[in-house]
Amino acid sequence: MTNFINRLRDGENIVLWIGDILGKLMGYPSKRDLAKLVYNDLDKYSKLEVSDVNSLADVCQVYLDSVTGSKLKLLNKLKNSYSNSKETSDLFYLFPKSPFISAVVTTNFDNLIENSYGPDIQKMDVQGECEIGTSLPRLYKINGDFEHLDKMLVTKQDLRKLKLLSLYNPLFENLKCELKDRILLFIGYDLEDPDTRDILSLIYKKLGDSKPNAYFVTSSSIINTETINWLNSNEIKLLKQNEIEFLTELKTYLIDKKHIPYTDDKPKGLSIKKKLQVIADDEIPKPFDLEKEPRQPKVKKIIIGENFEGKVKTYFEMQSEFVQNLQLPISRSNIPEFTRKEKITTIGKVNVTCGDSTLLNFTLKFLKSNGVNYFEIKNRECKIIFEGKVSKDNKIITTDRYLAYSISESLPIKRSLEVCDFFLNLFSGERLEFNIGYLSASLTMKNKIEKFKIEKILDVLNKYSFICSEAKVTPNEKFSKILKKSYEVDIIFHTILGKPLDSKIDIDIKNEDFIEGDTVIIVRSFKTNLKGLKFNILETISLEDTVTKSELEGSGVYGFGKKTKIIFKKDLDFFASS
């Protein structure tokens, strides 16, 4: 819809709601860029806790919950992404010259609006009483900025505070007043961004029945059904323009109304950063040449082979890599090195129970090293060492400070399942119990990280046992080899099941002539080489969402965390024909 600005009636005002696409045009990172930055800094355990890699709030919450994460470290990481001097287009200086803009709202962290308005805008405090008592336009920065780190909203927990705390009630009351009898115009927002949807849904919920007359500027020609339903439910109308086209239209309107002179010079007296070269009329994107009709979106089938340029990796594949990368034997220790064993006492033989699992024939020892007392229970299959002491009633008590364990890598599959079940019970918080003479123990060693590791190992072992049963072969591979070949186990397992697998994928595909709206299907082939389980397998990865404009890079496409359906099937002819 063109000429939106020209249809404004005299005296009709706009509340401008600005998203990070405008900031990205000026060189600032988008919320998705920041999410990727933080995600890449997570350890391999924490990455698996992220439910949506495109959500900055989700990724930041996992970062904060991780062992190494802290709020200050997180905010400084984000702040550093804004530290370099950025460019500011002359088109941003149109906002202060637009008499019908009464307020600006943004979820961005940058200072583009402050730099373009200078002193001619009132920055409102979103965390307290701040009455609308000025003729100047007002600026509401919902998520805060780096000038007040303590007020920034970047994690899921922060956004919950925005929803629940009365601290933000004045903000919502002010927004109700600002939007009364005014047009709400969204510009620069990614309709598919999960954090954007959460924030806007919250605002609309707070507004109740007093929904404003709202418009959404977007250049996207492909909008999913969920987004369309959300827009319709909130009576938001679409303006099919890109951001530069809209701002250029605004410039023309201001010249016609004599609010600004016809000149390409930037307005004087404004606080600015660095001015971009002015966009001339002949540089504005032109319509397609009617003689050469552009191709329509289509299904693009990409076969991964020798000539493929780029990278693809599914999250299903990443989860298998986690098991493949486990060091053998399976172990963990935070005990200082035994540089000086002051005392070693063998107490005797014990059977050890944990939950519904019992392991037999352990040797119980008392160790003392560097002034610390330890107990060790060990047999040929596994070992546990923990710091402890004996109470007055002859019960062994753990201090929960030092713990080490290991599982033999040479166990047969059936026995490895039984031993891993024992350790899963242990790290889930079940009591480890044994008795020997006058000594007894009833200890808990709950550990979330080690539980997660053992769960992944058991998942692979159970799948391998299922595969061997279905294929009627003896499960005679070593425990260590099954873990190193976990991805082969996974794809054989899902080939046998024959059901589509939900996952996500990161893609970076070069030189394939993509356009917005294309549907991507990726095909890969594998050969498995486990004993008795040698197959040729074809993997078909179907991306659920079409290619968006922001994902296009030259003639290629780059996507991060895109939802997929994966199907594995046996293909005896694929390798012969490829």
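1. Let me start with a residue that sits out in the open: at 72% relative accessibility, aspartate 181 counts as exposed (exposed means over 50% relative accessible area, buried under 20%, and partly exposed in between, with a 1.4 Å probe and protein chains only). Aspartate 181 belongs to the loop between helix 8 (169-179) and strand 6 (183-187); helices (H or I, at least four residues) and strands (E, at least two) are DSSP runs numbered from the N terminus. Its phi is positive, about 60°, although aspartate 181 is not a glycine. Most residues other than glycine have a negative phi.

2. A word on the basis of these remarks: this is a predicted model, in which local features need pLDDT of at least 70 and side-chain atom pairs count only at pLDDT 80 or more, while totals for chains, interfaces and linings use all residues. Residues are numbered from 1 along each chain as its sequence is written, and side-chain values use heavy atoms, with hydrogens and water left out.

3. With a relative accessible area of 75%, lysine 472 is exposed.

4. Threonine 528 is also a loop residue, between strand 21 (519-527) and strand 22 (536-543), but here the relative accessibility is 4%, so threonine 528 counts as buried. Its side chain reaches the backbone oxygen of leucine 533 at 2.8 Å, and a polar atom of that side chain lies 2.9 Å from the backbone nitrogen of phenylalanine 535.

5. Now the open sheet: seven strands in the order 4-5-3-1-6-7-8, with parallel pairing (two strands pair if DSSP finds at least two bridges between them). Strand 4 (122-123) and strand 8 (236-240) are at the edges with a single partner strand each, so one side of each has no neighbour in the sheet. Strand 3 (residues 101-106) and strand 5 (residues 138-141) run parallel and are joined by four bridges; valine 105 has tyrosine 140 in strand 5 as its bridge partner.

6. Strand 15 (residues 372-378) has five of its seven residues buried. Seven bridges tie it antiparallel to strand 14 (residues 357-369), with leucine 364 opposite isoleucine 377. The two strands form a hairpin with two residues between them, and asparagine 370 in the turn has a positive phi of about 55°.

7. What is the volume of the largest pocket? About 1100 Å³, as the space filled by probe spheres set on grid points joined across faces, edges and corners. A pocket is an open set of points on a 1 Å grid over the protein atoms alone, where a 1.4 Å probe fits, with protein on both sides within 12 Å along at least five of seven lines; lining residues have an atom within 4 Å of a point. Of the 46 lining residues, Ile21, Lys24, Ser30, Asp190 and Ser550 lie nearest the centre. Elements supplying at least two lining residues each include helix 1 (20-25), helix 9 and strand 24 (556-570).

8. Just after helix 9, glycine 208 takes a positive phi of about 65°.

Note on methods: Polar contact = N/O pair within 3.5 Å; in protein donor to acceptor, adjacent residues only side chain to side chain.
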